[in-house]
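Welcome! Here is a short briefing on how some side chains meet in one protein chain.

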Amino acid sequence: MNRQLLYRSGQLYEFTASDMRALLQHARQANAPRGVGGLLALRDGLFMQLLEGPAPVVDALFSRIAADPRHCEVRLLVRAERAAPLLPDCPMAWAEAPPEDGEALAFAELQTDHRALAQLERAGDDPVARTLCAFLDGASVPRGGLVPAFAGGWA
Ligand SMILES: Cc1cc2nc3c(=O)[nH]c(=O)nc-3n(C[C@H](O)[C@H](O)[C@H](O)COP(=O)(O)O)c2cc1C
């Protein structure tokens, strides 16, 4: 079984494009050999990230991510078990929502992963896929978790 985590957070640190590229490069290099994958989405200074992979690895990674000072208000939305990942072979896809007022993307040089977005679209009524697609489409962002608050460790 695969662990699936979905969280949201606020961008705290003022990322430059090269910071964001370095974050993604680090994530992909670290995630791939551990069998971890998912998608990092950004909209209006808010992140939503899907993490999938072996349960102990994903839980340990989320503990590190939750303590990362580059973002704040990390709220876990979903912690679930799945037979198969939503985004197989995807060490960490990237997607930035188009700004509403026609402004340029903050990170236009980072390629949105349309293959991953198409996989989410194909997932039909899957609640995690729907939540990610709705986030990128501008829906209001859930503030609370669908699971008990993360308290720095798993029971
Ligand atoms: C929004 C966000 C998403 C991140 N995603 C990942 C990730 O998918 N994989 C990863 O290894 N680190 C990710 N990180 C970085 C971790 O928080 C942490 O810096 C990293 O795991 C430390 O790795 P190290 O112990 O190898 O230095 C992310 C950080 C932020 C702020």
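Predicted model: local features only at pLDDT ≥ 70, side-chain atom pairs only at ≥ 80, totals over all residues.

Residues are numbered from 1 along each chain as its sequence is written, and side-chain values use heavy atoms, with hydrogens and water left out.

**Salt bridges**

- Side chains of opposite charge can pair when their charged atoms come close.
- A search of the whole structure finds 9 salt bridges (a side-chain nitrogen of Lys or Arg within 4 Å of a carboxyl oxygen of Asp or Glu).
- One of them joins Arg8 and Glu73, whose closest N and O atoms are 3.7 Å apart.
- This pair links distant parts of the chain, with Arg8 in strand S1 (residues 2-11) and Glu73 in strand S4 (residues 71-82), 65 residues apart; helices (H or I, at least four residues) and strands (E, at least two) are DSSP runs, numbered from the N terminus.
- Arg8 is buried at 4% relative accessible area, while Glu73 is partly exposed at 40% (buried means under 20% relative accessible area, exposed over 50%, partly exposed in between, with a 1.4 Å probe and protein chains only).
- Arg70 and Asp68 also form a salt bridge, at 2.8 Å from N to O.
- Salt bridges that share partners join Arg3, Asp59, Arg79 and Glu81 into one network.

**Aromatic pairs**

- The whole structure holds 3 aromatic pairs (rings of Phe, Tyr and Trp, its six-membered ring, with centres within 6.5 Å; planes under 30 degrees apart count as stacked, over 60 as edge-to-face and the rest as tilted).
- Tyr7 and Phe62 make a tilted pair, because their ring centres are 5.5 Å apart and their planes are at 50°.
- Tyr7 is buried at 2%, and Phe62 is buried at 1%.
- Trp94 and Phe107 form an edge-to-face pair, with 6.0 Å between centres and 75° between planes.
- Trp94 is buried at 0% relative accessibility, and Phe107 is buried at 4%.

**Arg43 and its partners**

- Arg43 forms a salt bridge with Asp44 (3.7 Å, N to O).
- Arg43 is buried at 11%, whereas Asp44 is exposed at 61%.
- The charged end of Arg43 also sits over the ring of Phe135, 5.2 Å from its centre (CZ of Arg or NZ of Lys must be within 6 Å of the ring centre and within 35 degrees of the ring normal).
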